[in-house]
Amino acid sequence: MIPIPRPSTPDAERMIREHKECIDSMKGVAGNSVLKCETPGDTTTVTGGIHEDLQLNRVLLRMRAKPAKGKLVVICTKVEKEWRIARLSGVRGVPPEFVTDKVYDNEQDPQHDIFLMRLEEMPETDGFPEHFREGWKRRDDQWTVT
Amino acid sequence: MTWMKITGYADKFSVHPEDTIKFYVNCDGPAEYKAEIVKMIHGDTNPRGPGYIEESIKADCNSTYKGMKQEIYSGSYGFVADKKQFQLESVTLQCWIWPTTPKTHPKYWKHGAQGLVTKWCDGKGYGLFINEDGCVEFRINDQVISTGAPLRDHAWHFVAASFDAKTGEAILYHEPQVVYALDPEIPPVSKKFSTKLTYVPGTPTVIAGYCGGMSDAPQAQASVPPGVLIKGHYNGKIDSPRVCNRALSRLEIESMKLGAQPGLSERRNSGPSGKLSEAIVASWDFGDGINTIFGKDKGPYLFHATIVNCPTRAMTGYNWQGHVFDWKGAPEQYGAIHFHDDDIDNARWQVSFEWKVPKGTSSKFYAAKLTSKDGDEDYIPFWVVPRVGEETAKIAVMVPTISYMAYANEHLANNAGGAELLVYRVPIMQQQNMFLSEHREYGGSIYDTHTDGSGLCLSSRLRPILSIRPKYDHFLAQAPWQYPADLHLIYWLEKMGYNYDVITDEDVTYDGLARVENYNVIITGSHPEHNSGPQLDALHNYMQRGGRFMYMGADGWYWVHSYHPAYDGIGRGVVTEMRRCESGIRTWRADPGEYYHQGTGELGGMWRFRGRYLHTIAGTGMSSEGFDISTYYSRTEESNDARVAWAFEGIDYDEKLGNFGLVGGGAAGTELDIVDTMLGSPPHTLVVATSAGRHTEGYLLVMEDYGFNQQGLDGTQHPRVRSDIAYHETPNGGASFAFSSIAFCGALPWNNGDNNISKLVGNVLNRFMQDGPLPAPSPEAIMHRGRADYDQPLNKTRK
């Protein structure tokens, strides 16, 4: 399996750079992908990112597959004006909680900051067979959703 | 942080001029709120589009109203009002249960004991419960016995308990249906109680809950029965609950499993005979009346239980044999009701204000806009729809209200770990999602699972539906979805000056062909995914008779829906039902034997698996979905065919069609439809533009189209991951134009409606709205065409 690189390694630095460039190029798009718009904010031609960097692709998939409990999300706190980062509770009826005080003025930047936060907090071997236990990769929930 | 202090709903989705629509408002905090009727033009706040647009309407209900907090009492249960026959000295209770959350997390929103069969309130009465430790518990007043053996979740158990007033002895039985090799034995437990049963007056007998108290508070009027607050909602199935008026022996309890069948004669079989039958107070048979909201009592007193908040019925019972899959064929094997603590059929709020829609009010999208001085805000959307025969335009916009209901108050970004994989980015939630994540009583969508993980297959419109709101971006698209996305189309129609009526799925379902036949063209919303049979019949009849159809979205005609007939008495289309069966894009999957709707008895699932292929309706059908970004279309050679070339007047052949938009940045995106004659597209269909080859890895083929998981199913590789814009003629001068992408309408408002997507749609609409049959195609276009050998350019040169 492809490990999640430690944040200061050359691999991680390359991925962080690529991720940032992709996210920055998506500013203005009503949507987002870790792909690079040839013209910023215009999805007519997209290249790079998840389509060309296999390691980044695999690491992102691992991050996206994390269980709902404790998962980082973005909350729009003022429509078209303010966004913040929060964490899901994993318990139904218990709402997400903000995890930082940082307020973003666009919906793309928190996507990149969450990538950085995950590089820091996820073990290098996350999802490796050594982690096997009952419910391994069952995403810790009893729900069948997606 | 309080996310939404004002929420509300109306008693109707569609209202005719001269009829009255009632609004119900929860104003939790502000002393007063302002209400005004507005016409909805554009709901998308994206600064790259025209921005939010509404128009104030003069209405006699526009005013400031005193704020009142209103409560929703969700959680399903059955009850029988207080009857003296239930006020017993000795008692036996029994039922089968299939619990789904016998033990809950301490922070769970309804953590605590769950009632199974109870006549218990405030430490008085009797009842079978599941306690906080997940064990069966029998209560006699404030005395308790429990087996101490935790219940297995998702498994049938027989449970029974008796109390003998004379001896004071209470016995509790807990018997799993399947006993595994290493399971400890669970012997009956007994205890002597020195108490006599007493009762709080007015305590109902409750199935799947218990009486938590009575209240005179105005908000308590929303509970059923009014003022009686039910607590301890049970999650799971119950089958055959029974109450007897004395302590039965174990053998008698066994005999009671046969149920009650009165009217013993020398010729008729009967349930318990002789003395045992005299013990029966109530014996509910939920296999009878599955399409109703009553739990039939086969006991002597006919204490039929009122079923509140529409739990799931037509569920396999403890005795399901796996041979019959339709409940109508063996209702006795479908005696289970699956109750959920988050079921909701009707918020039952008090009316806050109402509006008699004046005669002559234009048929459009409207909303009651609610605001407070502190900046709190909510909108209650509704549609003014002309009466049949009083149409005011040649164009009808068919608002996909069943689909809106299917997505109502959806919780996926908050609950589903996989949501981020689906959308290929971190989900963004809005105040509506945050409010709902805390207020589970507002219920979920048909995309959600209940709080116990079981599929949510029923949705009511009689509750605030915070996803049917302007200014709401959905996590799937990071842009408007469904209602606010359909306002992209409305903005365009208004901007271009078209006169149009609006009709809803509900109107077409209940009125049939009469509702649509007077229009020259029907335009759909961006995602008419969920449809009733009568609605599809009406569209089919309309198009066969020369009607014109513009399919503005994708993933249409996918799921089988039906309105639950038990709610017809309080309005049209109140509760809709959908079962996620054999295949298709399913956030949950119906269990074996549970594919048939409880309301209409019809087979649920995809229309495709009922032989009604998606592609037969508009010409194209669902192929793939992905939610990261959208792309654009290119014209095909077929767009130059004289049958359709008129649609591209003013558009160059090489133009990129829709490389812009307010959903994903392009016209082709989120969910995509294609032509497939083997799945029902007429063989004379012309594909006039396609987005083939341009989608991202986040786009994947729908699962009903393949039998093996394999590499290469994504948008960078699979040939079916694309959107086809397609045209075909129907008999009698009718036609259909399919634009085949959910993101498509999001391109219409771009550059204030001055763009090539707008041009294309305008060309089509101008032709389709004309009176009389469309011009006939040239005679050489008429030829024999096969289905499997469909290849349009080759058709032209076929020998």
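From the N terminus on, the elements of chain A follow the order α-β-β-α-β-β-β-α, which amounts to 3 helices and 5 strands. This is a predicted model, and in it 61 residues of chain B are in contact with 50 residues of chain A.

**Chain A**

- Chain A has 146 residues, of which 52% count as buried.
- When the contacts in chain A between residues at least 6 apart in sequence are considered, 46% of them join residues at least 24 apart.

**The interface of chain B and chain A**

- About 4500 Å² of area is buried between chain B and chain A, and carbon and sulfur atoms give 56% of that area.
- Across this interface there are 23 residue pairs in polar contact, counting pairs with both residues at pLDDT 80 or more.
- On the side of chain B that touches chain A, the elements that give two or more residues are helix H4 (412-415), helix H5 (419-423), strand E29 (428-429) and helix H6 (431-438) of chain B.
- By class, that side of chain B is made up of 24 nonpolar, 24 polar and 13 charged residues.
- The interface also holds 2 salt bridges, one of which joins the side chains of Glu420(B) and Lys71(A), with 4.0 Å from N to O.

**Helix H6 of chain B**

- Of the 8 residues of H6(B), 6 are buried, and the helix is therefore largely enclosed by the rest of the structure.
- The buried residues in H6(B) are Gln432(B), Asn433(B), Met434(B), Phe435(B), Leu436(B) and Ser437(B).
- These buried residues of H6(B) pack against elements of both chains, namely E3 of chain A and, in chain B, strand E1 (6-10), H4 and E29.

- In strand E8 (residues 91-99) of chain B, 9 of the 9 residues are buried, so the strand is largely enclosed by the rest of the structure.
- In a regular strand, side chains alternate between the two faces of the sheet.
- From E8(B), Val91(B), Leu93(B), Cys95(B), Ile97(B) and Pro99(B) point one way, whereas Thr92(B), Gln94(B), Trp96(B) and Trp98(B) point the other way, and all of them are buried.
- E8(B) pairs in the antiparallel sense with strand E13 (residues 157-163) of chain B over 7 bridges, and the bridge partner of Val91(B) in E13(B) is Phe163(B).
- E8(B) also pairs with strand E19 (residues 236-244) of chain B, again in the antiparallel sense and over 7 bridges, with Lys237(B) of E19(B) as the bridge partner of Trp98(B).

**A three-stranded open sheet in chain B**

- An open sheet of 3 strands in chain B has the order E39-E37-E41, with antiparallel pairing, and its edge strands, each of which pairs on one side only, are strand E39 (671-674) and strand E41 (700-701).
- Strand E37 (residues 621-625) of chain B and E41(B) pair in the antiparallel sense over 2 bridges, and Glu625(B) has Leu700(B) in E41(B) as its bridge partner.

- Lys656(B) lies in the loop between strand E38 (634-635) and E39 of chain B, and Lys656(B) is partly exposed, with a relative accessible area of 39%.
- Leaving out residues up to four places away in sequence, Lys656(B) touches Thr44(A), Tyr632(B), Tyr633(B) and Asn756(B).
- Lys656(B) is 619 residues from Ile37(B) in sequence and 40 Å from it in space, C-alpha to C-alpha.
- Ser758(B), in helix H12 (residues 756-768) of chain B, is buried, with a relative accessible area of 6%.
- Apart from its neighbours within four places in sequence, Ser758(B) is in contact with Trp492(B), Met496(B), Leu748(B) and Gly753(B), and the backbone oxygen of Gly753(B) lies 2.6 Å from a polar atom of the Ser758(B) side chain.
- Ser758(B) and Glu175(B) are separated by 583 residues in sequence and by 66 Å in space, C-alpha to C-alpha.

How values were computed
Residues are numbered from 1 along each chain as its sequence is written. Chains are lettered from A and ligands numbered from 1 in the order in which they are written. This is a predicted model: local features need pLDDT of at least 70, side-chain atom pairs count only at pLDDT 80 or more; totals for chains, interfaces and linings use all residues. Side-chain values use heavy atoms; hydrogens and water are left out. Two strands pair if DSSP finds at least two bridges between them. Helices (H or I, at least four residues) and strands (E, at least two) are DSSP runs, numbered from the N terminus. Contact means heavy atoms within 4.5 Å. Buried area is the accessible area (1.4 Å probe) that two parts lose on being put together, summed over both. A polar contact is a pair of N or O atoms within 3.5 Å; within protein, one must be able to donate a hydrogen and the other to accept it, and residues adjacent in sequence count only if both atoms are side-chain atoms. Ala, Val, Leu, Ile, Met, Phe, Trp, Tyr, Cys and Pro count as nonpolar, Asp, Glu, Lys and Arg as charged, and the others, Gly among them, as polar. Buried means under 20% relative accessible area, exposed over 50%, partly exposed in between (1.4 Å probe, protein chains only).
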